[in-house]
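Welcome! Let us walk through this structure together, one part at a time.

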Protein chains: 2
Amino acid sequence: MREVVNLAARAALLTDAWSPRIVAQLNDYHLKVARLEGAFVWHSHPETDEAFLVLDGALRIELRDGALALAPGDLAVIPRGVEHRPVADGVCHVLLIEPAGTVNTGDAGGARTVDPAWI
Amino acid sequence: MREVVNLAARAALLTDAWSPRIVAQLNDYHLKVARLEGAFVWHSHPETDEAFLVLDGALRIELRDGALALAPGDLAVIPRGVEHRPVADGVCHVLLIEPAGTVNTGDAGGARTVDPAWI
């Protein structure tokens, strides 16, 4: 990819919450933008760490033993196997960094599982 | 890591240009902040793609057949093996995403090679 991706502009195209879309590939990793609003499902990714970078809005990542509060420009890495539940009280846009094929609902699966397309 | 990293605050700690510092680990990848100022050396990374996300300032990534111009919030991935030269006319801070052990000067080596520490 010899392309410049403006993350805010790409994220602004998103209409559906909790449906990450791929904006770049880095080796076998995908960089995705997502629109978050409300509470997601509790889940973990047994096979991979997952990075969240908040682009705008506020994100709370609930953990079984606490929570992380992220504002714009804040980054957090959730280690593999750690149960977490992302919650956005308002609209929040994030950049996700994780291996290609990582499923948004992790080991929880269910109706909110999506297969991310490029945007 | 169950820690929230504010990228701007972490990048503001940097005093040396072209000396990336690690802020997070994601599986076997490192996320690094770097202060860029002036022109770096032409180099490529034969073994890996490399992602640049501009946090503040302006970055030009010169390629043998053109250049990419990045403003804050802009992301670019330089594919493995592609020669590039990052140039910042003023001070610019970036987030770099690449496998742990990726050398800043790539295949060029030389005096500007650094072994990144955590910050």
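How many bridges pair strand β5 of chain B with strand β6 of chain B, and in which sense? Strand β5 (residues 59–63) and strand β6 (residues 66–70) of chain B pair over five bridges, in the antiparallel sense. Here a strand is a DSSP run of E of at least two residues, a helix is a run of H or I of at least four residues, and both are numbered from the N terminus. Two strands count as paired if DSSP finds at least two bridges between them. Within this pair, Leu63(B) stands opposite Gly66(B) in β6(B), and a hairpin of two residues joins β5(B) to β6(B).

Before going further, a word on what you are looking at. This is a predicted model, in which local features need pLDDT of at least 70 and side-chain atom pairs count only at pLDDT 80 or more, while totals for chains, interfaces and linings use all residues. Residues are numbered from 1 along each chain as its sequence is written, chains are lettered from A and ligands numbered from 1 in the order in which they are written, and side-chain values use heavy atoms, with hydrogens and water left out.

Now turn to chain A. Its secondary structure comes to one helix and eight strands, and from the N terminus on the elements run β-α-β-β-β-β-β-β-β. The radius of gyration of chain A, taken over C-alpha atoms, is 13 Å, close to the 14 Å that the globule rule gives for 119 residues, so chain A is as compact as a globular protein of that length. That rule is 2.2 Å times the number of residues to the power 0.38. Along the principal axes, the C-alpha atoms of chain A fill a box of roughly 40 × 30 × 25 Å.

Follow β3(A) next. Five bridges join β2(A) to β3(A), and the two run antiparallel. Gln25(A) stands opposite His30(A) in β3(A), and Leu26(A) has Tyr29(A) as its bridge partner. The two strands form a hairpin with two residues between them, and Asn27(A) in the turn has a positive phi of about 55°. β3(A) is also joined to β8(A), by eleven bridges, again antiparallel; there, Lys32(A) stands opposite Leu96(A).

Where do the two chains meet? In all, 36 residues of chain A are in contact with 36 residues of chain B, contact meaning heavy atoms within 4.5 Å. Together the chains bury about 2900 Å², 59% of it on carbon and sulfur atoms; buried area is the accessible area (1.4 Å probe) that two parts lose on being put together, summed over both. In chain A, Arg2(A), Asn27(A) and Leu75(A) lose the most area to chain B, together 24% of what that side buries. Strands take part in the pairing too: two bridges join β1(A) to β7 (residues 74–78) of chain B, running antiparallel, with Val5(A) opposite Leu75(B). Across the interface the rule finds zero salt bridges, a salt bridge being a side-chain nitrogen of Lys or Arg within 4 Å of a carboxyl oxygen of Asp or Glu.
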